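Subject: Structure handover

Hello,

Here is the structure I promised to pass on. Please open it first, then read my notes below.

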Amino acid sequence: MTSAVLAPSLQASVERYARALKVPSGLLALHPRRPGNPGSAAALAPAITLGVLSAFEGFAEDFLATALYLQGQSFAEIAKKLNLSNPDVADIEALVSREFPTVRRQLGAAFKVTVWSQPVLGKKTLWYQDDLNWEVTKLQARGWMQVRHCLAHGLASGWGTEVWPAPVRKDVPPAATVLLPAKSGKGHSLVLHGAISCARIYRTAAEHIADAVAHHLAEDLNWSAVPDFPLEPEAGWWRVHHPWPGADCEMRLQGLCEPTGGGRPSAAISQ
């Protein structure tokens, strides 16, 4: 907390956020991205999720402490207001709305984040890309915070199909709402596609909220160093040797994709 309020600028908080996301981003690059049982790589999805959510909490405290300091608030006032515990996107939106009332109208305006949406249970479908608005983003972010709670308290390991306990509060979505349901209907799994979606939800929401506060304080932020957790593997993985449709490609050889009716590759399910 001390380092946060002494930060010289809001940009310094963004740079620390980029540093905090370096390891989760690196873990994503280690995953083989093949369909089926990933073996020991199954540990990467919960590790990425935990790292991303921890980084968001640290950034929220650091950035908002700096913003309140620049606004002229005392250390004692800042410490009292930023007594946060596992804050999700809605929690930070509420805090910003209280402390920066003029920013409230900007939160959620023209917001969009692209994530992986789950295959339809019982049908031979693949994960597909979907755009979330602000309200859905906040809801899913709250579900992912419940995933963190289950992982951190040993209620689930994040490895394979498990039963994820529901939260005590009835107004909080269960972890299962953002996890992949088992074909048997018993249990849910935290897979790589879910971890990527969680990372993109929190990283994109963090930028959206921080930019609104920064503009209020007459600052512009540079997010180029902050990992963005791409939906697809890096370009080297997706080098196509011949044009679609009906062509061979490295993706198919590695089990990363398959041709669809439209002649374009689609992401295979990675467990």
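A search of the whole structure turns up seven aromatic pairs. For pairing, rings of Phe, Tyr and Trp (its six-membered ring) must have centres within 6.5 Å; planes under 30 degrees apart are stacked, over 60 edge-to-face, and the rest tilted. In Tyr 17 and Phe 59 the ring centres are 4.5 Å apart and the planes stand at 20 degrees, so this pair is stacked. Tyr 17 sits in helix H2 (residues 10-20) and Phe 59 in helix H4 (residues 44-70), so the pair ties together parts 42 residues apart in sequence. Helices (H or I, at least four residues) and strands (E, at least two) are DSSP runs, numbered from the N terminus. Tyr 17 and Phe 59 are both buried. Buried means under 20% relative accessible area, exposed over 50%, and partly exposed in between (1.4 Å probe, protein chains only).

Tyr 69 and Phe 75 make another pair: their centres are 5.9 Å apart and their planes at 50 degrees, so it is tilted. Tyr 69 is partly exposed, at 35% relative accessibility. Phe 75 is also partly exposed, at 45%. There is a cluster too: Tyr 17, Phe 59, Phe 63 and Trp 223 form one aromatic group.

A word on the model. It is predicted: local features need pLDDT of at least 70 and side-chain atom pairs count only at pLDDT 80 or more, while totals for chains, interfaces and linings use all residues. Residues are numbered from 1 along each chain as its sequence is written, and side-chain values use heavy atoms, with hydrogens and water left out.

Now the overall picture. The protein chain has nine helices and six strands. Of its 271 residues, 50% are buried. Take the contacts (heavy atoms within 4.5 Å) between residues at least 6 apart in sequence: 69% of them join residues at least 24 apart.

Next, helix H6 (residues 89-99). H6 is mostly covered, with eight of its 11 residues buried. The buried residues are Val 89, Ala 90, Ile 92, Glu 93, Leu 95, Val 96, Ser 97 and Glu 99. Their cover includes H4, H5, helix H7 (134-152) and H8. At the start of H6, a side-chain oxygen of Asp 88 comes to within 3.1 Å of the backbone nitrogen of Ala 90.

How do H6 and H8 pack, and at what angle? Their axes are 11 Å apart, at an angle of about 5 degrees. Axes here are lines fitted to C-alpha atoms, for helices over the stretch in contact, and angles run from 0 to 180 degrees between N-to-C directions. H6 and H8 are therefore roughly parallel to each other. Under 35 degrees counts as roughly parallel, over 145 as roughly antiparallel, 65 to 115 as roughly perpendicular, and the rest as oblique. On the H6 side, Val 89, Ile 92, Glu 93 and Val 96 meet Tyr 202, Ala 205, Ile 209 and Val 213 of H8. Seven residues of this contact are nonpolar, none is polar and one is charged. In that scheme Ala, Val, Leu, Ile, Met, Phe, Trp, Tyr, Cys and Pro are nonpolar, Asp, Glu, Lys and Arg are charged, and the others, Gly among them, are polar.

H8 (residues 192-216) also holds His 208. His 208 is buried, with a relative accessible area of 15%. A polar atom of its side chain lies 2.7 Å from the backbone nitrogen of Gly 108. Leaving out residues up to four places away in sequence, His 208 touches Gln 106, Leu 107, Gly 108, Ala 109, Phe 111 and Trp 134.

Last, some loop residues. Most residues other than glycine have a negative phi. Asn 86 is not a glycine, yet its phi is positive, about 50 degrees. Asn 86 lies in the loop between helix H5 (75-81) and H6, and is partly exposed at 34% relative accessible area. Ala 110 likewise has a positive phi, about 60 degrees. Ala 110 is in the loop between H6 and strand S1 (113-117), and is exposed at 85%. Pro 32 is in the loop between helix H3 (22-30) and H4, and is buried at 18%.

Best wishes

Key. Polar contact = N/O pair within 3.5 Å; in protein donor to acceptor, adjacent residues only side chain to side chain.
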